[in-house]
Amino acid sequence: MSGWTLGIETTAHTLSFGLVNAEGEPFPSASDTLRPDQGGIHPREAADHHKDVAGRLFGQILEQQSLSPSDITSVSYSQGPGLGPCLRVGAAIARGISTRLNVPLVGVNHCVAHIEIGRQQCGCNDPVLLYVSGGNTQVIARLNGRYRVLGETLDIGIGNMLDKFARAQGIPFPGGPVIEQKANEYLKNNPNPSMEGLRLPYAVRGMDLAFSGLMTAAQRLIENGASLESVCWSLQEHAFAACVEVAERAMAHTGKRELLLGGGVACNERIRTMCDEMATDRDGTSHAPPKMYCIDNGTMIARLGWLEATKRTTQLSESAIDQYLRTDQTPIVWP
Ligand code: ATP
Ligand code: FE2
């Protein structure tokens with residue numbers, strides 16, 4: 001593929017354009033995230049936000065690499081999974097640009113894009129993946145030409161759980177980074193912390209996970225007088241340990257020695273450390289991409305589009321979005 005591949009990400013709060021060059025080398029995205037003043041995300045409001053900022057961001061992404069639209073030779077977009085109204089905006093923009101420039105369109109799987117940008121950034125070959133984002137929490141491994149989900153959340157994504165807990169404490173979206181900060185403050189004042197009085201339920205269900213019970217119990221601790229900092233620390237320890245436990249079991253079963261983190265919650269230093277410790281204990285390695293490629297970004301969509309474009313493109317007639325697209329629905333056709 002000659003020229004540049006544009007990637008368009010609109011699964012949820014964020015509209016992001018990204019680029020990879022003809023060799024598939026990634027360049028930083030141009031992004032804008034809707035941050036509601038109060039309450040959770042409203043899909044239509046997010047979609048309106050994406051429409052409003054798209055023109056400006058498209059100009060910005062071209063300007064960042066001093067390109068003109070004619071340098072784009074392929075357009076990829078998140079076809080799913082995600083919020084319907086948001087996905088539809090991204091698909092419409094992608095169709096428009098692809099038709100206008102008369103270049104191929106490639107609809108890609110958002111979850112698989114998180115994985116592939118991580119593989120590219122960290123130089124992993126065949127890792128077990130711990131994909132921890134707002135909407136998703138999955139432990140994944142490549143098997144027979146697909147990314148198979150070996151374990152996942154049975155209720156809400158770990159990031160949504162952190163955001164919801166934070167919101168109940170008056171902390172605006174995204175709550176995850178603030179919880180991390182509060183947990184660090186707690187540790188600074190309590191270098192040898194104890195779980196006494198801060199215990200939360202066990203989130204592991206076989207190979208799966210469940211987080212809503214953790215969130216309710218954490219709220220109850222606050223109502224009973226525990227400090228916000230101490231509960232943030234305990235919530236992180238419990239939720240992350242559960243994820244790491246399932247990831248470890250996946251490594252044991254598959255015999256794989258690399259662990260790769262992805263998704264917005266992978267920005268968290270504590271989960272990165274826990275993964276490092278677990279992998280090292282097993283004579284393996286743990287990897288996490290730079291934070292700008294953990295959160296939702298157009299560059300990862302461009303990277304997967306670039307990988308897939310040699311084998312398949314998306315006809316307009318099959319370019320509809322799929323809110324419920326699963327990680328294992330996408331055949332791995334690239335090396
Ligand atoms: P997906 O569609 O893959 O579920 P998403 O829409 O949730 O993605 P991401 O950007 O992948 O978007 O993840 C956002 C989530 O990451 C939010 O829940 C946010 O609180 C969380 N997050 C970001 N930084 C941190 C951090 N340092 N610690 C914990 N959570 C974090
Ligand atoms: Fe994501």
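Buried area is the accessible area (1.4 Å probe) that two parts lose on being put together, summed over both.

**Entry: ground rules.** I am working on a predicted model, in which local features need pLDDT of at least 70 and side-chain atom pairs count only at pLDDT 80 or more, while totals for chains, interfaces and linings use all residues. Residues are numbered from 1 along each chain as its sequence is written, chains are lettered from A and ligands numbered from 1 in the order in which they are written, and side-chain values use heavy atoms, with hydrogens and water left out.

**Entry: domains.** I looked up the domain assignment; the bounds come from an automatic or database assignment. Domain 1 covers 4-115 + 293-329, and domain 2 covers 124-290. I find their C-alpha centres 27 Å apart.

**Entry: the interface.** I read that the size of an interface is often given as the accessible area lost when the parts come together. Here domain 1 and domain 2 bury about 1700 Å² between them, with 63% of it on carbon and sulfur atoms. On the side of domain 1, Ile115, Cys294 and Asp328 lose the most area to domain 2, together 35% of what that side buries. I also looked up contacts (heavy atoms within 4.5 Å): 19 residues of domain 1 touch 21 residues of domain 2.

I then checked polar contacts, meaning pairs of N or O atoms within 3.5 Å; within protein, one must be able to donate a hydrogen and the other to accept it, and residues adjacent in sequence count only if both atoms are side-chain atoms. Seven residue pairs, both at pLDDT 80 or more, are in polar contact between domain 1 and domain 2. Helix H3 (residues 110-122) gives the largest share of the side of domain 1 that touches domain 2, five residues. I took helices (H or I, at least four residues) and strands (E, at least two) as DSSP runs, numbered from the N terminus.

**Entry: salt bridges.** I counted a salt bridge where a side-chain nitrogen of Lys or Arg is within 4 Å of a carboxyl oxygen of Asp or Glu. The structure holds twelve salt bridges, and the count between domain 1 and domain 2 is one. Arg326 and Glu152 meet in a salt bridge at 3.1 Å, N to O. Arg326 lies in the segment after helix H9 (298-309) and Glu152 in strand S8 (residues 146-152), so the pair ties together parts that are 174 residues apart in sequence.

Entry: His110 and His114 both sit in helix H3, four residues apart, about one turn of the helix.

**Entry: backbone.** Most residues other than glycine have a negative phi, and most peptide bonds are trans. I noted that the bond from Gly80 to Pro81 is cis, with omega near -5°; Pro81 is in the loop between strand S4 (72-80) and helix H2 (84-101). Asn102 is not a glycine, yet has a positive phi of about 55°.
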